[in-house]
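Try each one before reading its solution.

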Number of protein chains: 2
Amino acid sequence: MAEAKYDVLTVGNAIVDIIAQAEDDFLAREGIIKGAMNLIDTERAEHLYSVMGPAIEASGGSASNTAAGVASLGGSAAFFGKVCDDGLGRVFTHDIRAAGVAYDTRPLDETPPTARSMIFVTPDGERSMNTYLGACVELGPEDVEPEKAAAAKVSYFEGYLWDPPRAKEAIRLTARIAHEAGRQVAITLSDSFCVDRYRDEFLDLIRSKTVDIVFANAAELHSLYQTSSLEAGLEAIEADCELAAVTRSEKGSIVVSGGQRVEVDAFAVDRVADTTGAGDLYAAGFLYGLTHGRDLERCARIGSMAAAEVIGHVGPRPQARLADLLAEHGL
Amino acid sequence: MAEAKYDVLTVGNAIVDIIAQAEDDFLAREGIIKGAMNLIDTERAEHLYSVMGPAIEASGGSASNTAAGVASLGGSAAFFGKVCDDGLGRVFTHDIRAAGVAYDTRPLDETPPTARSMIFVTPDGERSMNTYLGACVELGPEDVEPEKAAAAKVSYFEGYLWDPPRAKEAIRLTARIAHEAGRQVAITLSDSFCVDRYRDEFLDLIRSKTVDIVFANAAELHSLYQTSSLEAGLEAIEADCELAAVTRSEKGSIVVSGGQRVEVDAFAVDRVADTTGAGDLYAAGFLYGLTHGRDLERCARIGSMAAAEVIGHVGPRPQARLADLLAEHGL
């Protein structure tokens, strides 16, 4: 096996977040499902922007946040995802490259425009996302760079990629190249409603060993196996895949792998400012650990540390240099 | 005198901030004057963006931050400032209107593009700004809305407006309308280098009573009167204008007015994340107090409170609702 050039390659929707504070009754009035990723069209996007409070813009996208997290920890990361060559596309491209991530997916020339997600953060810090996919619908197997897929220790992609029409073909191709090169493949289930939309396909990806490692939060695990029992979900995922990490918000995370089970506490946070990116950064920390020879408990603790940093401020990517925090916490 | 429709009208450069962390040696290497507003052209803007780290975008601009602050405190505010009808222009317009500020300046159709400031925040929280003025150079007297200028208790403008060519004409017109309507006029000196560029004009504005109220930080005061003595500066400004508020970072602020002198401490801040907007929000708090019948000490304390909120997080405008903080602190 050739030496890996990248620790982690991630594949996902390339999105710029537009983030504002909102009250819970605003979500109810606007029909936004709290805590979820709500898909929206152009008309709905215009309406929501017209009623949105003052916002900030920050590059986001689940798998791209994970790549930025790996790089911030000191790992090497690459990303596949589609933007348009417009203002937001240039912002996205700048930010991910400036984070140190290798990013070379060819942008669209004209339309559709770069994806954006209007994110409403309620006083409890929970985020509710409203995503216009735009240019992301054009991601396809022609965007897979085989040399990167073959050169990453882990290729990681988001379940959200089942929403655009052809991204799943890019995923299957990436996974095949990665496995042929002797690498590992990971998925995050992304969102419990997303799991509900694509349950059978996700189960097939896992059971067919197209993916080796699964990241999920408790709600996504419950949805995947249609069970209200965490224990039943953990047993099912353990039987289905090589390694799974299940996050439980302030209750920490549980890792299951071939009979081994590791439980890790969440890191203490002074104030939950904005949960956007928490799961993405947990995955970044975990994968950084995994690709740097840490044991599973250490992997989960690095994940918790990275998640704690990102929920302490508004915005989905680290503001602190995670490599410094890693050293500080002796992880 | 007709009833005032607005507490505060502000006039300034309409800017979107692009904010990233940077080390001090980066500033030195790139020739950026720390803590200052550095004016840049297109070529320099492209270079700096190419070497800038991952950033977030947030609407900024000194006087527009002040208007947003007044609105967040529960006051009524209006703003004059020029954007282009492009992506950043739409972001700026959205954010200031969503903050509750009356904003109707006609945008440019095509070029120059909306102004942006690349802001580098060093580990000490200090911000160093690099501003491309773009559309702001087109602000002129034709952008003055006389009914707003006549209907605001205080018209406030930034010294930065002496950089674009014709904005000073808009200011003189606004000040004349305001005074004819029996209102007050205020200026912030903006930046010690800006004072150095326009010292004689600023002194003339003050001594000719074109402005009644002056906001300055200590460095700007020293620059205005070319003195290294704070006391000498305070005595000079007291002799020259009706009311002056001088901010001194963590040392609080000093207000002088017709023989009266009030010193107020800074509010405690856990961590200085980003000083961008500190002076703007101090002015917002002070002017909110002044237009709501508070005494000078209370005005300064509201200013300190608003400044403390904005330096506690990255971004130049309040994230908390300042009206809630006002009630909490009994101000």
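**Exercise 1.** In which loop of chain B does D163(B) lie? Work out as well whether D163(B) counts as buried or exposed.

*Solution.* Keep in mind that this is a predicted model. Start with the chain: D163(B) sits in the loop that joins β9 (152-158) to α6 (167-180) of chain B. Next, count neighbours: D163(B) has 21 C-beta neighbours inside 10 Å. The cut-off for buried is 20 or more, so D163(B) counts as buried. Finally, look for contacts: leaving out residues up to four places away in sequence, D163(B) touches L39(B) and L133(B).

**Exercise 2.** Describe how helices α3(B) and α10(B) cross.

*Solution.* Two packed helices are described by the angle between their axes and the distance between the axes. Here, the axes of α3 (residues 62-72) and α10 (residues 278-290) of chain B come within 8 Å and cross at roughly 45°. The two helices are therefore oblique to each other, and their crossing is right-handed. Now list who meets whom: residues of α3(B) including S62(B), N65(B) and V70(B) meet residues of α10(B), among them D280(B), L281(B) and Y288(B). Sorted by class, this contact has six nonpolar, five polar and one charged residues.

**Exercise 3.** Find what relates chain A to chain B.

*Solution.* Among the residues of chain A, E57(A) comes closest to the rotation axis, its C-alpha at 2.4 Å. Last, compare surfaces: 100% of the interface residues of chain A are also interface residues in chain B, so the copies meet through the same surface.

Conventions: Residues are numbered from 1 along each chain as its sequence is written. Chains are lettered from A and ligands numbered from 1 in the order in which they are written. This is a predicted model: local features need pLDDT of at least 70, side-chain atom pairs count only at pLDDT 80 or more; totals for chains, interfaces and linings use all residues. Axes are lines fitted to C-alpha atoms, for helices over the stretch in contact, and angles run from 0 to 180 degrees between N-to-C directions. Helices (H or I, at least four residues) and strands (E, at least two) are DSSP runs, numbered from the N terminus. Angles under 35 degrees count as roughly parallel, over 145 as roughly antiparallel, 65 to 115 as roughly perpendicular and the rest as oblique. A crossing is left-handed if the near helix is turned anticlockwise from the far one by less than a right angle, and right-handed if clockwise. Two residues are in contact if their C-beta atoms, placed from the backbone, lie within 7 Å. Ala, Val, Leu, Ile, Met, Phe, Trp, Tyr, Cys and Pro count as nonpolar, Asp, Glu, Lys and Arg as charged, and the others, Gly among them, as polar. A residue is buried if 20 or more other C-beta atoms lie within 10 Å of its own, exposed if 12 or fewer, and partly exposed in between; C-beta atoms are placed from the backbone. Copies are superposed by least squares on the C-alpha atoms of residues with pLDDT of at least 70 in both.
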